Amino acid sequence: MATNSDTAGTEITAKILRVGIVGCGEVTQIMHWPSLSQLGELFEVTALCDASQSIVQTLGKRWNVGFLTTDHRGLVGHADVDAVLVATPNAFHAEVTLAAIAAGKHVLVEKPMCVNRREADEVVTAQLQSPVVVQVGYMRRYAPAFLAACEAVKDIGRIKFARVRDFVGVNSLIISQTSAVVRDKHSPERVQQEAIQRDEDLVTEALGGGAAEDLKTVYRLMLGLSSHDLSAMRELLGMPRKVLFAAQRAEGHYLAAAFDYGSYVCQFETGIDQIPRFDAHLEVFGEQKVLRVQYDTPYVRNLPIRVFTTEANAQGGVTTIDSHPAWGDPFVAQWKAFYKNVTENLKPKSGPSDFILDLQLFNEMTRLMR
């Protein structure tokens with residue numbers, strides 16, 4: 001961990017965490033790199049790793065990063081790395097995370113932390129046996145608007161109903177219009193096929209042999225988009241007692257479920273289409289107040305995340321308050337939380353054990369879909 005100092009050599013209390021990035025795709029280029037650059041007083045990117053030699057060389061030159069490799073083992077063992085961002089394809093998250101923990105590095109791993117329960121248990125065990133911090137990248141849960149909603153829901157009174165909704169267009173519809181992402185158009189077919197096969201093997205391990213293709217597709221949807229939604233739901237409302245209902249349609253690209261919270265039900269609905277928009281929110285209904293957290297696409301930085309509060313007014317009508325608690329990007333907020341967790345030796349709220357609760361919900365949902 002490097003330390004800032006002024007020209008006279010006086011030590012400044014803030015310590016810079018040296019970050020190595022494994023996986024330099026669009027999430028890293030559009031969200032993580034700009035966030036880390038914005039937080040230059042806290043972080044310095046000292047190493048890059050990607051399966052593509054072309055991408056890692058191009059970004060290394062552009063970002064002025066000296067240590068470049070296509071082997072994550074070299075990066076996690078590098079002396080000038082304190083923490084590792086794991087932003088590879090999902091099938092490699094657990095392997096890289098475990099390697100980083102073994103090397104004594106702190107980890108921020110993109111969601112999902114892993115693909116199946118065996119991997120999750122391995123990460124939990126490794127982290128418990130190590131002093132390092134492992135934080136799962138649920139950036140929505142670190143947004144000021146979401147934190148404000150978590151406080152506001154305490155004053156809503158008896159909850160009667162809740163809803164979690166997330167209908168979005170495929171990412172490329174927005175990314176193609178808003179970002180210039182460095183890609184490797186000549187990536188070896190062998191590398192691509194190995195990644196596809198690894199993912200297939202891990203998903204099959206999670207669901208068991210003989211699982212239908214639409215069940216595999218919806219499980220991947222849960223790991224990707226739905227993990228954000230249900231993780232935030234759990235923090236806002238707590239863990240549901242059980243899954244009452246779950247069904248998928250459209251070959252696994254659309255999903256509906258209902259969660260039992262005892263005195264009320266939380267309805268969940270999600271799907272991916274070809275409309276370039278982002279319709280995602282969590283909504284809580286009380287007797288006299290409705291609270292809604294409205295998200296926008298993360299692929300355009302600093303878009304406001306808002307909290308809407310609707311209630312009766314004194315004139316017999318209705319008042320809706322549109323609150324935007326603070327400017328800033330949720331990826332920046334999660335990196336600030338990661339820095340605090342590492343430097344103050346705190347347990348992340350979105351740690352490995354927390355992620356297992358999402359896997360439990362996914363497994364129960366897929367069971368009901370069989």
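Predicted model: local features only at pLDDT ≥ 70, side-chain atom pairs only at ≥ 80, totals over all residues.
**Entry 1**

Residues are numbered from 1 along each chain as its sequence is written, and side-chain values use heavy atoms, with hydrogens and water left out.

Helix α1 covers residues 26-38 and helix α10 residues 330-343; their axes come within 9 Å and cross at roughly 60°. That makes α1 oblique to α10 (angles under 35 degrees are roughly parallel, over 145 roughly antiparallel, 65 to 115 roughly perpendicular, the rest oblique). Helices here are DSSP runs of H or I with at least four residues, numbered from the N terminus. Axes are lines fitted to C-alpha atoms over the stretch in contact, with angles from 0 to 180 degrees between N-to-C directions.

For contacts (heavy atoms within 4.5 Å), I listed Met31, His32, Ser35, Leu36 and Gln38 on the α1 side, and Phe331, Val332, Gln334 and Trp335 on the α10 side. By class, this contact has five nonpolar, four polar and no charged residues (Ala, Val, Leu, Ile, Met, Phe, Trp, Tyr, Cys and Pro are nonpolar, Asp, Glu, Lys and Arg charged, the others, Gly among them, polar).

**Entry 2: α6 and α9**

I then took α6 (residues 144-152) and α9 (residues 213-237), whose axes come within 9 Å and cross at roughly 35°. Phe146, Leu147, Ala149 and Cys150 of α6 meet Ala232, Glu235 and Leu236 of α9. I found six nonpolar, no polar and one charged residue in this contact.

**Entry 3: cavities**

I found two cavities of 30 Å³ or more (sets of points on a 1 Å grid over the protein atoms alone where a 1.4 Å probe fits but cannot get out; lining residues have an atom within 4 Å of a point). Volume is the space filled by probe spheres set on the points, which are joined across faces, edges and corners.

The largest cavity holds about 100 Å³. Of its 13 lining residues, Asp296, Thr297, Pro298, Ile305 and Pro330 lie nearest the centre. I noted eight nonpolar, two polar and three charged residues in that lining.

The second largest cavity holds about 80 Å³. It has 13 lining residues, with Pro144, Leu303, Ile305, Ala326 and Gly328 closest to its centre. Its lining has nine nonpolar, three polar and one charged residues.

Methods: Helix = DSSP H or I, 4+ residues; strand = E, 2+ residues; numbered from the N terminus. 1 Å grid on protein atoms, 1.4 Å probe; cavity = no way out; pocket = protein on both sides within 12 Å on 5 of 7 lines; lining within 4 Å.
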